[in-house]
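Student: Hey, could you walk me through this protein? I'd like to know what to look at.

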Amino acid sequence: MGRLSDRDATIIMILLVIAIVAFPYVFYIKDAKVDTEALKQEYVTLEARYNELQEMDKHREEFLKRTDELNNETEAIVASYPADIRQENYTQFLLDTELNHDLTTANFDKDTRRVTWDEGAQIVLFDTISYSENDEVPIQSDEISTPYTSVINQSTITYSTYYVGMKNLLSYFIDQQTCPMCYRGFTADYDEATGVVTGSFVIEQYAIKNTNDPDRVLAPVEIFPNIDAYDIRGMAYDYGTNGINGNNGVFGPLVLDEELSEEGVEAKNDALEDGAPAEAAAEEAPAEEAPAENN
């Protein structure tokens, strides 16, 4: 093979240089073209968004005003519900209902801890309470997340009363128009022989927690009268007019001999030390007759 001439070597060298420079340039132009098309598409998208934001900006004050209104409405709805549901709170509620003079004509003497009724036919006693666990569900959707959690509880209560008391209880339920606390599944069974009406109902409660508000908490309640300290939860008594068929309900009513103050306990102990006879319980009264029914 003959040796390349200087002229041929120079030509080959020039071609190699052109190839080295041209190939990257060609690829760069191709990539740059792709990038340019992407930038154009992005520009179209951004321009549409810009025009949309400009149009929205014309209504900025309207949006801000409506946002404040919606926030206030949300706060009002949340504030209309309790911050939580606890057994002690609706235990106190039920106790207050049982001792509600307008509903049951009950009279609670805070000094003697004795309960009497103006009208025996209006006695309403809650016999048992079946406490259930709270069901908590975050309030959110696929598009919206909130700091709120709904709390729901359903508990069953059994009761004893008479015909008049049952009507009062039903009227009381009907008057409850709001539903942080609703009444469901009311049943009643009338005993013609005794005039006693027994049954059950379900309390359905709702609350809203706010995880972003540490100050939104359910205020603690101290149950009064204390139904556990004096061991009166669900106790039945066999005397007289303070109950129905010997049952005084899950909350009492309270009787002095069953719930004494600290001073009362001390006085009773002093009397026992002095040899005075102890009162085992309240004196038995004649068997209770069903109060007359008022239509």
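This is a predicted model: local features need pLDDT of at least 70, side-chain atom pairs count only at pLDDT 80 or more; totals for chains, interfaces and linings use all residues.

Student: How far apart are the side chains of Glu69 and Arg66 in their salt bridge?

Tutor: That one is 2.9 Å, N to O. The two residues sit 3 apart in helix 2 (residues 60-79), so about one helical turn separates them.

Student: How many salt bridges does the structure hold?

Tutor: It holds 8. One of them joins Glu136 and Lys209, with the closest N and O atoms 2.8 Å apart. That pair links distant parts of the chain, because Glu136 is in strand 4 (residues 135-140) and Lys209 is in strand 7, 73 residues apart.

Student: OK, new topic. How many residues are in the largest nonpolar core?

Tutor: There are 20 residues in it, and those with the most contacts inside include Phe126, Tyr183 and Phe201. Helix 3, helix 5 and strands 3, 5, 6 and 7 each supply at least two residues of this core. A second, separate core has 11 residues, among them Leu95 and Ile244.

Student: What does Tyr183 touch?

Tutor: Leaving aside neighbours within four places in sequence, Tyr183 is in contact with several residues, including Phe93, Tyr172, Phe201 and Ile203.

Student: And Gly185, is that buried or exposed?

Tutor: Gly185 counts as exposed, because its relative accessibility is 53% and the cut-off for exposed is over 50%. Gly185 is in strand 6, and it touches Ser200, Phe201 and Val202, not counting residues up to four places away in sequence.

Student: What about Gln92, buried or exposed?

Tutor: Gln92 is buried, with a relative accessible area of 10%. You'll find Gln92 in helix 3 (residues 87-98). Again skipping residues up to four places away, Gln92 touches Val221, Glu222, Ile223 and Phe224.

Student: Last one: which residues make the nonpolar surface patch?

Tutor: Ile11, Ile14, Leu15 and Ile18 make a patch of about 370 Å². Ile11 lies in helix 1 (residues 6-57) and counts as partly exposed at 36% relative accessibility.

Terms used:
Residues are numbered from 1 along each chain as its sequence is written. Side-chain values use heavy atoms; hydrogens and water are left out. Helices (H or I, at least four residues) and strands (E, at least two) are DSSP runs, numbered from the N terminus. Buried means under 20% relative accessible area, exposed over 50%, partly exposed in between (1.4 Å probe, protein chains only). Contact means heavy atoms within 4.5 Å. A nonpolar core is a set of buried Ala, Val, Leu, Ile, Met, Phe, Trp, Tyr and Cys residues joined through side-chain atoms within 4.5 Å. Patches are made of residues with over 30% relative accessible area and no salt bridge: like charges are joined within 9 Å, nonpolar side chains (Val, Leu, Ile, Met, Phe, Trp, Tyr) within 5 Å. Accessible areas come from the Shrake-Rupley method with a 1.4 Å probe; for residues, only the protein chains shown count as cover. A salt bridge is a side-chain nitrogen of Lys or Arg within 4 Å of a carboxyl oxygen of Asp or Glu.
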